[in-house]
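Please look through the model below. The report that follows takes up its salt bridges, its helices and its surface.

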Amino acid sequence: MSTRVPSPQVVGRVSRVTVMLVVAAMFVLPIVGFIAMAFRDQENVAAGTDGFLGLGGLSWDHVVFSWSQIAGFGPAGGGLFQRWILNSLLLAVTGGVLALVAALPAGYALARLRFRWRRIWLFATLLAMVMPNTVLVIPLFLEVNAIGAVGQLWPVAVIMGFFPFGVYLSYIHFMTTMPPELVEAARIDGLGEYAIFFRIGLPISKQAIALVAFFSFVANWTNFFLPLALLTSNQQNKTISIGIQELIGASPLFNATVAAGLDVKLYMPQLALATVISMLPLLAVFIGAQRFLVRGQTVGAVKG
């Protein structure tokens, strides 16, 4: 009786699936263990009685206690963590709106208008897009300090509205989805450039709007160096990106000297919960924009 040998195609498929599962497990399991940390208490963590992947001793009561510790962090009964979350939301949303208001018209102008030094402006946009943010922190600090606005939120929101990547995405969108013939026909019909942009360009730009808004929100929410340079002088106006660092610095696990003077003690479960909460807005924005993001992946594609 002969034994059937698997075909090379089956072996190759099984091998690829196995490799992908192993790689996925390498990324997923640490995340699961980190999230589970928020459902545990410090005694079990210190004793090492956490079971497989740290999934032992999980309880919602531990989450409630950890949240009470986080909410009580700061002077006069706490509330700093909640304020940092609100500050980040304000800056991310305001900066995202400003980025949309600036990026979409600029992308349309670069794609469909013909004006002097157009290629130079496009090159400057690409140059600004690839320039590291850390290079601009000191010049921006000097400019904001010159007007006496260090520690205030509004200069940070205005600076976050400067989003060259959004301009480039809009440029690619209008270049590929708005044929020159359509623009010329609209001009022949008597429409001005503003009317063409608002009546023709914007209605076909849902995917581009979603992409620019999503990437701008993520960039603003995770921005660290700009709030660190401009907002550290005002404890109430810090963002969650630098607030998490302050929570870590005030933990007995990392800085016993600072933690000795605090009424609230933050350990691994509390720090894990604070980090998970700080990621929830990003997750919500991603889920809400996922439908447009999947469609927007084809921005810039050319039919063949």
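Glu246 has a relative accessible area of 22%, so Glu246 is partly exposed. Buried means under 20% relative accessible area, exposed means over 50%, and partly exposed lies in between (1.4 Å probe, protein chains only). Lys238 has 9% relative accessibility, so Lys238 counts as buried. The two residues form a salt bridge, with their closest N and O atoms 2.4 Å apart. A salt bridge is a side-chain nitrogen of Lys or Arg within 4 Å of a carboxyl oxygen of Asp or Glu.

This is a predicted model: local features need pLDDT of at least 70, side-chain atom pairs count only at pLDDT 80 or more, and totals for chains, interfaces and linings use all residues. Residues are numbered from 1 along each chain as its sequence is written, and side-chain values use heavy atoms, with hydrogens and water left out.

By the salt-bridge rule, the count comes to three.

Arg187 bridges to Glu184, with the closest N and O atoms 2.9 Å apart. Both residues lie in helix H9 (residues 180-188). They are three residues apart, about one turn of the helix. Arg187 also bridges to Glu193, and here the closest N and O atoms are 2.8 Å apart. Arg187 is partly exposed, at 28% relative accessibility. Glu184 is partly exposed too, at 42%. Glu193 is partly exposed, at 30%.

## Helices H4 and H13

The chain has 15 helices and zero strands. Helices (H or I, at least four residues) and strands (E, at least two) are DSSP runs, numbered from the N terminus. Helix H4 (residues 80-112) packs against helix H13 (residues 240-249). Their axes are 8 Å apart, at an angle of about 155°. H4 and H13 are therefore roughly antiparallel to each other. Axes are lines fitted to C-alpha atoms, for helices over the stretch in contact, and angles run from 0 to 180 degrees between N-to-C directions. Angles under 35 degrees count as roughly parallel, over 145 as roughly antiparallel, 65 to 115 as roughly perpendicular and the rest as oblique.

Phe81, Trp84, Ile85 and Ser88 make the contact from H4. H13 contributes residues including Ile240, Ile244, Glu246 and Leu247. Contact means heavy atoms within 4.5 Å.

Is Ile244 buried or exposed? Ile244 is buried, with a relative accessible area of 16%. This residue sits in helix H13. Leaving out residues up to four places away in sequence, Ile244 touches Phe81, Ala274, Thr275 and Ser278. Ile244 and Phe81 are 163 residues apart in sequence. In space, they are 8.7 Å apart, C-alpha to C-alpha.

## The whole chain and its surface

Of the 304 residues in the chain, 35% are buried. Among contacts with a separation of 6 or more, 70% join residues 24 or more positions apart. The chain exposes about 17,700 Å², and carbon and sulfur atoms supply 69% of it. Accessible areas come from the Shrake-Rupley method with a 1.4 Å probe; for residues, only the protein chains shown count as cover.

Val19, Val22, Val23, Met26, Phe27, Val28 and Val32 make a nonpolar surface patch of about 640 Å². Patches are made of residues with over 30% relative accessible area and no salt bridge: like charges are joined within 9 Å, nonpolar side chains (Val, Leu, Ile, Met, Phe, Trp, Tyr) within 5 Å. Val23 is found in helix H1 (residues 8-37). Val23 counts as partly exposed, at 37% relative accessibility.
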